[in-house]
Amino acid sequence: MVATATRPAGAVAAEPVAAPRRRWHRHRPRTFYSFAAPWLIGFALLTLFPLAYAFWLSFTNYDGLSPKWGYVGLDNYERAFADPKTWSSLVRTLVFVFVLVPVTVGFGLFLAVLVNQKVPGRAAFRAIFFLPVVVPVVAAGFVFRMLFDRDTGATTAVLGWFGLAPVEWLADDKALVVMLLMILWRVGSNMIISLAALQGVPKELLDAAAIDGAGSWRTFFRVTTPIISPVLFFQVVNGAIDTLQIYLPALLLSAAGQARLDTVPGEGLYIYMVHVYTQAFAKGDLGYASALLWLLTAITLIYTLLVFRFSRRFVYYEAGPSDSGERR
């Protein structure tokens, strides 16, 4: 006989006690700002304040040393538009941009296609092509200056083997060609970016193109290129912005790379940022140099907006669920 427990009449059965549930509290805004404060402070001190200070300098005649300065209004901007050196250096820079950017992007893609092939030792070739990127710009500048020096350069010795006269490579517009070769020597960064894009192309699409009878060239231009077009577009935008700001290779290839800060490079290497450098350090006119920089900022912004506006015609993004098959 099994004994059963009985409870007195009128007693209420005790409900099982649930385990205490952990309550999630919503953090207050000050918690977020306390974590984000280091970045916000750094952004304000190292970005916003320098921009505001440079914008203020563009309306003054401050030279960076004298405590006496004055407000000149828009005189620096009017002077920039009337200065022939501003226009000549800007045109030379724009020509350099329109030549350098397509060449570097195209050559980087060409190298990426080569090292993406399944051949023995391709890892070694990738390392060799990327190795110049890790060489400091200063060291590369001095190496190219020695290579193309008129009197002692290796190019002069090679020309002498064929009975040709030495060439003044670092003078006139030939210096821009030397600087182009110097930058192309460091095209390994473009190669790595393009290589990553090529390896992200779905193999199923390549196999489908092969089944449809498409050859290698047609597959590359009709399948691979549209898929990697956002990466190429990224390189075009960043390459143009970086090229507009180039000045160190020009200084290193000129006499300014081995002399004082107040040495002005020759006409062949006198690009826009060299013009800014000359006004700021060689002539000590920080106000005018700041105005030149803000004009370059406006040019860069206009270029970026135009490129993004026309990118819809040649840049293809992967369609999302809501716009399947539609180009964005």
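Aspartate 285 counts as buried, because its relative accessibility is 15%. Buried means under 20% relative accessible area, exposed means over 50%, and partly exposed lies in between (1.4 Å probe, protein chains only). The model is predicted, so local features need pLDDT of at least 70 and side-chain atom pairs count only at pLDDT 80 or more, while totals for chains, interfaces and linings use all residues. Residues are numbered from 1 along each chain as its sequence is written, and side-chain values use heavy atoms, with hydrogens and water left out.

What does aspartate 285 meet in a salt bridge? Its partner is arginine 79, at 2.6 Å from N to O. A salt bridge here is a side-chain nitrogen of Lys or Arg within 4 Å of a carboxyl oxygen of Asp or Glu. This pair links distant parts of the chain, 206 residues apart. Aspartate 285 sits in the loop between helix 12 (272–282) and helix 13 (286–310). Arginine 79 belongs to helix 2 (residues 75–82). Helices are DSSP runs (H or I, at least four residues), as are strands (E, at least two), and they are numbered from the N terminus. Arginine 79 is partly exposed, because its relative accessible area is 38%.

The whole structure holds four salt bridges. One of them joins lysine 203 and aspartate 207, whose closest N and O atoms are 3.1 Å apart. Both residues lie in helix 9 (residues 203–211). They are four residues apart there, so about one helical turn separates them. Lysine 203 is exposed, because its relative accessibility is 54%. Aspartate 207 has 34%, so it counts as partly exposed.

Salt bridges can also share partners. Arg150, Asp151 and Glu168 are joined into one network in this way. Within it, the side chains of aspartate 151 and arginine 150 meet at 3.5 Å, N to O. Aspartate 151 is exposed, because its relative accessibility is 61%. Arginine 150 is partly exposed, with 36%.

Now turn to a nonpolar patch. Which residues form it on the surface? They are Val91, Val95, Val99, Val103, Phe107, Phe110 and Leu114. Together they have about 570 Å² of accessible area. Such areas come from the Shrake-Rupley method with a 1.4 Å probe, and for residues only the protein chains shown count as cover. Patch residues have over 30% relative accessible area and no salt bridge; like charges are joined within 9 Å, nonpolar side chains (Val, Leu, Ile, Met, Phe, Trp, Tyr) within 5 Å. Take valine 103, in helix 3 (residues 84–115). Its relative accessibility is 34%, so it counts as partly exposed.
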